[in-house]
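Look over the structure below.

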Amino acid sequence: MAQYELLLPKMGESVAEATIIKWTKQPGDSIQLDDTILEIATDKVDSEVPSPVAGKLIKHFFSADDVVQVGAVIAIIETDSDSGSTVVVDNAQDSASQLMADSLQSTVQSSQPTVQNLNVPGVEQLAKPVAESQDFKASDRFYSPLVKSIATQENITTAELDQIVGSGAEGRLTKDDLLAYLASKGQGAKIVERKEQEAKSNNQVASKLPIQQTNQPKNQPTSLSGGDEIIEMDRMRKLIAEHMVMSKHTSPHVTSFVEADVTNMVKWRDKVKGSFEKRENEKITFTPIFIEAVSRAIKDFPMINVTVNGTQIIKKRDINIGMAAALPSGNLIVPVIKNADQLNLVGLTKAVNDLANRARNSKLKPDETQNGTFTLTNVGSFGNVMGTPIINQPQVAILAVGAIKKKPAVLETEFGDVIAIRHMMFLSLSYDHRVVDGALGGSFVRRVADYLETWDINREI
């Protein structure tokens, strides 16, 4: 008999940890190859961890709701093979703690070359001996083990950590955020103090506050009748709620509207959809057409493709378009098409269909919902003519496309104005007024509409 160490698998370049939702196999259960051992979650994506071997589950090293680092040993499986790793499981708790500590130390050591390549002043201080452990439980904010380790080495107090603006999901403080803060700190305390005050004034730290600490009164009495049903939010709905409140706290939202005549686009799709499906075995929807128009408009107005860090505007090189998708549960998820401007219409169609299908079946990889720079949401799929969407932080703009409706419209011809039946739709762009003014926001959404209105009805695909 051999004992196999089951590791938490790597789930994407930007994913360093996951939360255990539940164990589907318990100690003593027999396991076949590719059986699901447990379910895990990272931000918005739930995933299943299959067994790479057949055998018998011996031990769990973590419980439900525990946050586990990628690469950590999470369970022991006894196999019939003579090969494989062996571990001592007499004291499972001590073994798990030691394995987590080894994993964390390995992560810190492996991050050092990457940090040095950033040429950040003061980065050599990361080699200092580890200082006395700090009480991170005093903070309501979540910090990863790597961030805690660096903070301990640099003698950064929990109160000081709480003031640093995070650029991660839900405002989480990342390793790069902390290293950038340390670099600024090395240049003088006045710079850091000024940036912290500016960040506070922009409400950047709102993401670390519980939702109950908004302007709504605490413990507000709720009237319930005998027929009312109390439904507890699931984990994803809680995350969405926190993200939406944080976005409103962070960005002053402004929305601009444009009505577009998309008659040529509709007629073109009606003409090609049959032959396209036969040739590519894919249905072509309006979504890839919208994404292509957005990508072209972003190239014309690149300051829409930015994020904000305190008083810094970070202009993104890549154009990664997120498309909001409704799940069967009623929740929302935003898979991202990376480098959308580099794909032709066929490539966009395949990417859209693939991500949408896997989103509905909970098969998305965690990395496929990360690093979006602009978001598109199709409120028209629910019959709505327009919407005022909330910005998907840390982005600065989101475009909603409404339902396409036949309407009487005035057309200018060489023989004078006439009224004709046209396919019309509304586009609504919500944007962060800290960095996107009305001229830029209005010009951008108008340019998207222009690309849709001037669609070539004879275009080959």
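Which residue in S8 does Lys59 stand opposite? Lys59 faces Ile76 there. The model is a predicted one. Strand S6 (residues 55-60) and strand S8 (residues 73-79) run antiparallel and are joined by four bridges. They belong to an open sheet of four strands, ordered S1-S8-S6-S3, with antiparallel pairing. Strand S1 (2-7) and strand S3 (30-31) have a single partner strand each, so they stand at the edges, with one side left without a neighbour in the sheet.

The second largest pocket has a volume of about 820 Å³. Its lining is made up of 32 residues, and Ala324, Ala325, Ala326, Leu332 and Thr377 lie nearest the centre. At least two lining residues come from each of helix H6 (235-250), strand S13 (325-326), helix H9 (345-360) and strand S16 (374-378). H9 gives the most, with six residues. By type, the lining divides into 17 nonpolar, 12 polar and three charged residues.

Side chains of opposite charge can pair when their charged atoms come close. Across the whole structure there are 16 salt bridges. One of them links Asp432 and Arg434, with the closest N and O atoms 2.7 Å apart. Asp432 counts as buried because its relative accessibility is 0%, while Arg434 is partly exposed at 26%. Another salt bridge joins Glu232 to Lys238, at 3.6 Å between the closest N and O atoms. Here Glu232 is exposed, with a relative accessible area of 63%, and Lys238 is partly exposed, at 37%.

Arg279 and Glu280 also meet in a salt bridge, 2.9 Å from N to O. Arg279 is partly exposed, with a relative accessible area of 48%. A network of salt bridges links Arg279, Glu280 and Lys350.

Conventions: Residues are numbered from 1 along each chain as its sequence is written. This is a predicted model: local features need pLDDT of at least 70, side-chain atom pairs count only at pLDDT 80 or more; totals for chains, interfaces and linings use all residues. Side-chain values use heavy atoms; hydrogens and water are left out. On a 1 Å grid over the protein atoms alone, a cavity is a set of points where a 1.4 Å probe fits but cannot get out, and a pocket is an open set with protein on both sides within 12 Å along at least five of seven lines; lining residues have an atom within 4 Å of a point. Grid points are joined across faces, edges and corners, and a volume is the space filled by probe spheres set on the points. Ala, Val, Leu, Ile, Met, Phe, Trp, Tyr, Cys and Pro count as nonpolar, Asp, Glu, Lys and Arg as charged, and the others, Gly among them, as polar. Two strands pair if DSSP finds at least two bridges between them. A salt bridge is a side-chain nitrogen of Lys or Arg within 4 Å of a carboxyl oxygen of Asp or Glu. Buried means under 20% relative accessible area, exposed over 50%, partly exposed in between (1.4 Å probe, protein chains only).
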